[in-house]
Amino acid sequence: MGNTKALDVVMEFIKRINAGDPGALSAVMTDDHVFQDASGKRFVGREKMTEGWRQYFKLVAGYRIRADEFFQTGQAFAVFGSASGMCTRNGSAGKENFWEVPAAWRAVVRGDLVAEWRVYADNQPLRKLMGESMP
């Protein structure tokens with residue numbers, strides 16, 4: 001697979017995150033997909049992460065990634081931009097619950113799928129809106 005193809009896979013992954021569709025996102029993950037959140041917690045497996053994204057999209061309405069820059073080494077990418085959304089605490093998502101932070105991600109592509117997705121972002125604005133510590 002050429003380097004352009006691997007970048008297309010990462011861009012498609014981001015597009016599916018921005019669509020908020022866990023099923024479509026699952027279709028571009030390897031079976032042994034690894035997700036690592038900003039606190040360093042790792043989650044392994046497509047099924048586990050499909051459910052993880054489903055729960056996250058309920059918690060953060062309209063979650064979006066804006067990817068401004070991509071840097072590639074082999075099949076690994078560093079992505080820089082921002083993340084945003086609205087905290088849906090107690091089932092409501094008003095404008096006062098909107099947050100946006102600078103963020104970075106690491107993606108590793110295997111074949112036509114994303115094998116690893118790591119998030120590097122300060123989740124403090126979301127934690128503050130929730131009024132509690134995130135798990």
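In strand 6, Arg118 stands opposite Arg106. The structure is a predicted model, in which local features need pLDDT of at least 70 and side-chain atom pairs count only at pLDDT 80 or more, while totals for chains, interfaces and linings use all residues. Residues are numbered from 1 along each chain as its sequence is written, and side-chain values use heavy atoms, with hydrogens and water left out. Helices (H or I, at least four residues) and strands (E, at least two) are DSSP runs numbered from the N terminus, and strands pair if DSSP finds at least two bridges between them.

Strand 5 (residues 98–110) and strand 6 run antiparallel and are joined by eight bridges. The two strands form a hairpin with two residues between them; in the turn, Gly111 has a positive phi of about 65 degrees. Strand 6 (residues 113–121) also runs parallel to strand 1 (residues 29–36), with four bridges joining them. Here Trp117 of strand 6 has Phe35 opposite.

Trp117 also belongs to the largest nonpolar core, a set of buried Ala, Val, Leu, Ile, Met, Phe, Trp, Tyr and Cys residues joined through side-chain atoms within 4.5 Å. Of its 29 residues, Ile17, Trp53, Tyr63, Trp105 and Trp117 touch the most other members. Among the elements that give two or more residues to this core are helix 1 (3–19), strand 3 (60–73) and strand 4 (76–87). Leaving aside neighbours within four places in sequence, Tyr63 is in contact (heavy atoms within 4.5 Å) with residues including Ile17, Trp53 and Trp105.

Thr50 lies in helix 3 (residues 46–59). Thr50 counts as buried because its relative accessibility is 11% (buried, under 20% relative accessible area; exposed, over 50%; partly exposed in between; 1.4 Å probe, protein chains only). Beyond neighbours within four places in sequence, Thr50 is in contact with Pro22, Ser26 and Met29.
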